[in-house]
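Visitor: Could you take me through this model, beginning with a single residue and then moving to the whole chain?

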Amino acid sequence: NLTKVMTAPHSDSTLESLASSLVDSDPNRLGAEDIARPAAIGARAGAAAVLDVAQVAASGESFGRAFRWLLAEARRMPDLDEIVTGLCHQLSEGGLPLQRLYLAQRTLHPQIGALGYLWNRGDAAARLITREHAVVASPAFLNSPMRRLYEFGETQVRRRLVGPAAVVDFPVLEELRDNGATDYAIFAMELAGEPRGSLSVTTDLPEGFSDREIAGLAGLMPL
């Protein structure tokens with residue numbers, strides 16, 4: 001399940017150097033200058049995430065399908081890239097117009113600050129990306145939607161990238177839009193009320209994601 005992605009150890013032999021400048025799912029460590037955490041995060045600390053099964057079921061077949069798969073098959077998978085790949089296939093085959101998915105988790109590794117698993121439509125498997133601890137001080141992270149989750153206590157950020165309702169207020173959104181994305185959303189993955197990982201998605205469907213699809217993705221996060 002998705003909790004594995006936040007808690008399972010990793011092997012140095014699987015690490016690879018960062019191959020992308022996109023940091024929509026960068027590590028969730030606070031910057032050294034931000035020792036005092038915003039009140040929004042403290043307020044939710046200790047509040048357990050609750051899975052809303054009715055919300056997932058009402059959001060469409062792709063989410064019911066992903067829900068059943070996460071509870072049954074995914075929990076038996078030993079490799080995190082398999083879980084991410086399988087989740088993307090379940091969502092896509094169930095009808096979600098998924099163009100790209102990125103799942104990130106923090107680590108306790110002395111050199112590696114975070115691990116990410118990137119899947120693009122057409123990929124046979126998710127690709128592992130590593131990020132150094134120093135990335136949290138980079139302009140790319142400081143000016144990213146990820147920071148809204150990890151340092152300001154937001155549980156999700158959603159942006160339409162084209163049309164009259166478009167809001168492209170982060171550099172990474174410009175890059176995603178230039179690659180054909182029309183809609184973007186990122187969700188915090190919490191343990192004990194704290195953001196420990198994140199999952200971001202894009203679609204290239206002209207009308208973007210529906211509100212029901214966004215609600216369905218949010219409903220899967222407690223898994």
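**Asp 183 and the cores**

Guide: Asp 183 is located in strand 5, which covers residues 183-191. Strands (E, at least two residues) and helices (H or I, at least four) are DSSP runs, numbered from the N terminus. This is a predicted model, in which local features need pLDDT of at least 70 and side-chain atom pairs count only at pLDDT 80 or more, while totals for chains, interfaces and linings use all residues. Residues are numbered from 1 along each chain as its sequence is written, and side-chain values use heavy atoms, leaving out hydrogens and water.

Visitor: Is Asp 183 buried or exposed?

Guide: Asp 183 counts as buried because its relative accessibility is 0%; buried means under 20% relative accessible area (1.4 Å probe, protein chains only).

Visitor: Which side chain does the side chain of Asp 183 join in a polar contact?

Guide: That of Arg 160, at 3.4 Å. A polar contact is a pair of N or O atoms within 3.5 Å, and within protein one must be able to donate a hydrogen and the other to accept it; residues adjacent in sequence count only if both atoms are side-chain atoms.

Visitor: Changing topic, how many residues are in the largest nonpolar core?

Guide: It has 32 residues, and Phe 187 and Val 201 are among those with the most contacts inside it. Such a core is a set of buried Ala, Val, Leu, Ile, Met, Phe, Trp, Tyr and Cys residues joined through side-chain atoms within 4.5 Å. Helix 5 gives the most to this core, with 6 residues.

Visitor: And how many helices and strands are in the chain?

Guide: The chain has 9 helices and 6 strands, and 49% of its 223 residues are buried.

Notes. Buried means under 20% relative accessible area, exposed over 50%, partly exposed in between (1.4 Å probe, protein chains only).
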